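Hi,

Here is the structure I said I would pass along.

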Amino acid sequence: MDPIIQVKDLSKSFGSNVVLSDINMEIGRNEVVVVIGPSGSGKSTFLRCLNLLETPQAGDITIEGRSLMDKGTKIEEVRAEVGMVFQQFNLFPHLKVIDNIMLSPMKVKKWTAEAARKKAMELLGKVGLADKANAYPTSLSGGQAQRVAIARALAMEPKIMLFDEPTSALDPEMIGEVLGVMKDLAREGMTMVVVTHEMGFAREVGNRIVFMEQGRILEISPPSELFDQPKHERTKAFLSKVL
Amino acid sequence: MADFRFDIIGEYFPLFMRGTLYTIGISLSGIILGSILGLAIGFGNLSKKWYLRLPMQGYIHFFRGTPLLLQIFIVHYGVVSNILGRTDAVVAAIVALALNAAAYTAEIYRAGIQSIDRGQSEAAKSLGMSHWQMMRYIILPQAIKRMIPAFGNEFIVLIKDSSLVAVIAAPELMYWAKGASSQYARVWEPYLTAALIYLTLTYSLNKLLIYLERKM
Ligand SMILES: Nc1ncnc2c1ncn2[C@@H]1O[C@H](COP(=O)(O)OP(=O)(O)OP(=O)(O)O)[C@@H](O)[C@H]1O
Ligand SMILES: [Mg+2]
């Protein structure tokens with residue numbers, strides 16, 4: 001495996017609440033890793049450490065060989081290469097869809113407006129929303145908003161995409177359109193780390209499944225193994241509840 | 001009320017008008033300068049660095065926790081007269097109101113910025129924006145919209161409070177009302193006229209605010 005992300009002895013606590021302890025794993029280039037586990041097990045916190053929305057207390061994360069803990073590493077540069085999609089979409093409500101997508105390429109990467117617009121329109125086409133370019137986010141359905149959020153993250157041409165329960169806030173009939181976009185992305189070879197409760201998606205798209213509980217990784221296996229022959233009793237108990 | 005003397009109002013009318021312009025000028029300068037200073041204080045107050053935060057908190061506590069009249073006296077007799085080498089009531093009035101308004105607007109900025117959902121700053125950061133870019137393009141444009149009613153209210157408060165500078169003889173509306181009252185030993189004519197003018201100012205400002213709010 002050619003690892004793009006390496007996590008070593010990662011620990012994180014909020015006050016006295018230990019949320020992640022001794023997380024170790026590598027994520028390969030073009031790999032799709034799906035993180036599952038009970039509520040409060042630290043899935044979001046783990047994901048947010050990967051783009052430094054949370055600062056770990058101990059351990060190290062390297063992306064493309066560059067340590068995120070290194071004092072010389074610029075946080076903004078790391079984040080520009082790691083896209084993130086949130087459960088609540090977090091579109092910028094005061095900006096049109098197209099401006100939501102163009103803003104960061106222009107301000108962070110210093111692209112010209114034309115270049116950013118071209119990229120934005122291309123991505124809107126890709127997520128099937130070219131006709132919504134001039135709409136404001138409040139006029140979109142949840143599924144549309146989340147697809148715009150994905151396009152916005154992709155406009156920065158990230159090497160890695162992080163998804164934190166991207167379909168959990170959606171009405172059931174809209175889940176499919178978002179998962180569809182994510183499947184396309186996986187097929188194109190995007191490296192993805194996805195926290196989700198969509199076990200069908202995990203089995204179909206995930207190369208490996210991570211099962212987390214109480215801030216620890218209990219099991220990392222390919223989906224066929226993890227879903228059909230879980231090694232751990234806790235994994236079995238969790239799966240019997242969600243499947 | 002049968003002997004209500006309109007001639008007093010007539011005689012003082014030009015002075016009332018000039019006073020009204022001073023009232024508007026002093027309050028407007030106060031809110032504008034106060035908002036600029038308040039932005040710096042508000043941001044300092046939101047800083048993670050204690051040596052920025054503590055002085056700003058001290059400032060806010062002082063100006064919100066002491067009477068405006070006292071602040072006007074200190075600025076007039078203590079600060080402005082020492083710096084200029086002479087007393088200047090209008091300058092002192094503007095400085096005192098601006099310093100006072102800065103403390104209140106600092107809190108408006110803080111509350112406005114903190115009212116923006118965390119998800120917005122997280123999304124901005126996740127896209128690689130610096131703190132400054134996030135403030136400039138994401139947080140402030142949304143926060144300022146929410147702050148406009150509070151700024152309007154602060155302006156209305158300032159128009160009323162600016163009457164206090166009559167005591168240092170700044171020639172605004174209240175000063176002339178007081179002058180007319182003592183010259184003619186009359187209460188109702190000058191003070192009712194002043195009240196009517198203050199009401200007109202605050203009422204139209206209030207209407208303007210409601211209009212702005214609805215438009216946004
Ligand atoms: N900013 C924070 N401050 C304090 N505690 C936090 C913070 N963020 C998360 N926690 C705590 O960390 C623990 C793990 O939270 P996390 O959000 O990572 O779990 P999760 O696995 O994503 O759960 P869920 O499935 O509910 O999203 C929880 O106990 C939570 O209360
Ligand atoms: Mg979570």
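Ligand 1 is where I started. In this predicted model, the residues around ligand 1 are Phe14(A), Asn17(A), Val19(A), Pro38(A), Ser39(A), Gly40(A), Ser41(A), Gly42(A), Lys43(A), Ser44(A), Thr45(A) and Glu165(A). Sorted by class, that shell holds seven polar, three nonpolar and two charged residues.

Three of these side chains make polar contacts with oxygen atoms of the ligand. For Thr45(A), a polar side-chain atom sits 2.5 Å from an oxygen of ligand 1. Ser39(A) has a side-chain N or O atom 2.6 Å from a ligand oxygen, and for Glu165(A) the corresponding distance is 3.4 Å. On its own, ligand 1 would expose 640 Å², and the protein buries 61% of that. Two elements of chain A each give two or more residues to the shell: strand S2 (17-28) and helix H1 (43-50). The largest share, three residues, comes from H1(A).

Now over to chain B. An unreviewed UniProt entry annotates residues 20-209 of chain B as "domain: ABC transmembrane type-1". In the model, that stretch is 84% helix and 0% strand, with its end C-alpha atoms 20 Å apart.

UniProt, again in an unreviewed entry, also lists "transmembrane region" for residues 20-46, 58-77, 155-176 and 191-212 of chain B. I checked two of those. Residues 191-212 of chain B are 100% helix, with 31 Å between the end C-alpha atoms. Residues 58-77 of chain B come out at 90% helix and 0% strand, and the end C-alpha atoms there are 22 Å apart.

Cheers

Definitions and conventions: Residues numbered from 1 in each chain as written. Chains lettered and ligands numbered in written order. Predicted model: local features only at pLDDT ≥ 70, side-chain atom pairs only at ≥ 80, totals over all residues. Heavy atoms only, no water. UniProt positions renumbered as here; feature names shortened; annotations may be inferred. Helix = DSSP H or I, 4+ residues; strand = E, 2+ residues; numbered from the N terminus. Near = heavy atom within 4 Å. Polar contact = N/O pair within 3.5 Å; in protein donor to acceptor, adjacent residues only side chain to side chain. Areas by Shrake-Rupley, 256 points an atom, 1.4 Å probe, with all protein chains shown as cover. Nonpolar A, V, L, I, M, F, W, Y, C, P; charged D, E, K, R; others polar.
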